[in-house]
Amino acid sequence: MSELKKSSVLLECKDLLVGYVRALETMKKPFDFALSSGTVVALMGENGCGKSSLLKTFAGLLSPVTGEVSLEGKPLVEWQPRERAQAISLVRMSSAVPPRMSVSEFIRLGRSPYSGIFDSRTAEDNRIVDESMALLDVAVFANRPIAELSDGERSRVFLAEAVAQQVKVLLLDEPNAFLDIPRSHALFRLLKKIAAERNMGIIVSTHSVEYAERYCDRIMVVNGGAMRVAPAGEARKSGLLDWTEAFDAI
Amino acid sequence: MRRLLIGFVALIVLIFLLCVATLCFGAVNIPFADVVQALFSPGADVSSNILWNLRIPKMISAVLAGASLAVSGLSLQTVFRNPLAGPFVLGISSGASLGVALALLAGIGFGSVGVLGSAALGALLVTFVVMFAATRFAQTGVLLIVGLLTGYFIDSIVSVLIAGNSSESLRVYVAWGMGSFGRVTLGDVWIFVSAVVVGMVLIGVSLRYLNAALLGDDFAHGLGLNVKRSKICVLLGASLLAGATTAFCGPVAFIGIAVPHLAYLLFKTTNHRVLLPGAALCGTSLALLAGLFPASVPLNAVLSLVGVPVIMWVLVRGSGARM
């Protein structure tokens, strides 16, 4: 493995405006943004500001109102669905899980974009699944139904599935929503680690200023209908986080 | 892995034994030796006659019906993410009933296609309504409601037809409604076979979608699947399987809803690579078993009388089972 990994732009958007054409008044100004490999970006903003819509647009689940998203230099719409699934994944912790599915069965779904028409798994697939389970420390409950896991355990399982998918861009929608404080710290440390080790680009939406400042490289904020981004260390100074303390009452 | 091997071998052996029993036992019992002889060198004797004209079509029909309903039910339960879904929830059986009712009770014969063809047409008609809804509404819940409502609507047309009818044809209609594996003849069994093959292929090529669909459509989309196309493929396949079975054997409701749960409890997996063939084998066994009962007992009654205790027993034994 080379000593120095070259940083490259993974995900890029130009003049982007997201939302559901009729409904969204929240985001008014088109914006540009680029996600580099090996970095973790925190996505912040008030409830309903369009964080989830933005992540869905980046993942190709939602068409942009205006502008374009490209992945590794190629517009997202030109990607074959299966190739796209090998490059980008959106992980939502709130996904309803089927009551009978076991943890290992779920994580094996991460290899689906690489499988043939009959959805078989190769020895290589199984090795990657085992590796992902080891990385997220979920192997001990591999055979338990996901539905029976605690929220923290389930979050790790969702993450393991995305890791098994071997994507370059990982989008996480409030991964620490159900986690206690020590597990949230562990999660963000882990994100930092896999971004560096696997040269991935990660965007993680969160409501926690603390984790964003401490563990992420950059912070992007959707506020007042505009998107702004700054290095994590300078976000507070440049007034990017002022909105977090703007209310006197709920 | 061992569980899979044992499960599949046991089911295949069971199906073989049930097939032999289907050929040997009936209104007239034929000794096994005579069955073998009639199978390999058919003559003009009574045994050959019974075997080739009655028992073999009945056996094939039970095998096809059992496998079709189980596969149809399993894939619908997966797509709708609802353990109560089944071929009949989509109104497919109602559509077939309407076709038969129109042919028998209202005297609209659809030309030369006969009762069987009318049932198939009715089933297809409802399938198209549901498909239309599937392309218009992304939400699976809405689709389920459309299917149910279509079913209710058609059922009431049928009951209007029944109420205004007191003839011999009503008796024939009621008999059709009780279900039977004995109506298929060797001459038209190939239609049944080809419908089932096409249906199975449509569902087989959607394996990757079925496995991902358990987590919802957004998740499946995220895994690079063409959700809309796959969903239509599965719905069309499931309708074809259920429609063909209903046309040939009558509305045999029970297998489609119950057998997928049985297959899950046997194989303990949500992987459709295992579950689909597993459910097909379970359905076939149950259908063959029910077919062994004398023809005077309605098939639907037998299926529920035999099937409910079996499945209850399995559910209670695997009490760790979650719906």
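## Ground rules

What you're looking at is a predicted model, where local features need pLDDT of at least 70, side-chain atom pairs count only at pLDDT 80 or more, and totals for chains, interfaces and linings use all residues. Residues are numbered from 1 along each chain as its sequence is written, while chains get letters from A and ligands get numbers from 1 in the order in which they are written.

## The whole chain

Chain A has seven helices and 10 strands. Both are DSSP runs numbered from the N terminus: helices are H or I with at least four residues, strands are E with at least two. Its radius of gyration is 18 Å, close to the 18 Å that the globule rule gives for 250 residues, so chain A is as compact as a globular protein of that length. (That radius is taken over C-alpha atoms, and the rule is 2.2 Å times the number of residues to the power 0.38.) Along its principal axes, the C-alpha trace spans about 50 × 45 × 40 Å.

## The sheet

Six strands of chain A make an open sheet in the order 6-7-8-3-9-10, with mixed pairing. Strands count as paired if DSSP finds at least two bridges between them. At the edges sit strand 6 (88-92) and strand 10 (226-231) of chain A, each pairing on one side only.

Now zoom in on one pair: strand 9 (residues 218-223) and strand 10 of chain A run antiparallel, joined by six bridges. For R218(A), the bridge partner in strand 10 of chain A is P231(A). In general, strands of a sheet pair through backbone hydrogen bonds, either parallel or antiparallel.
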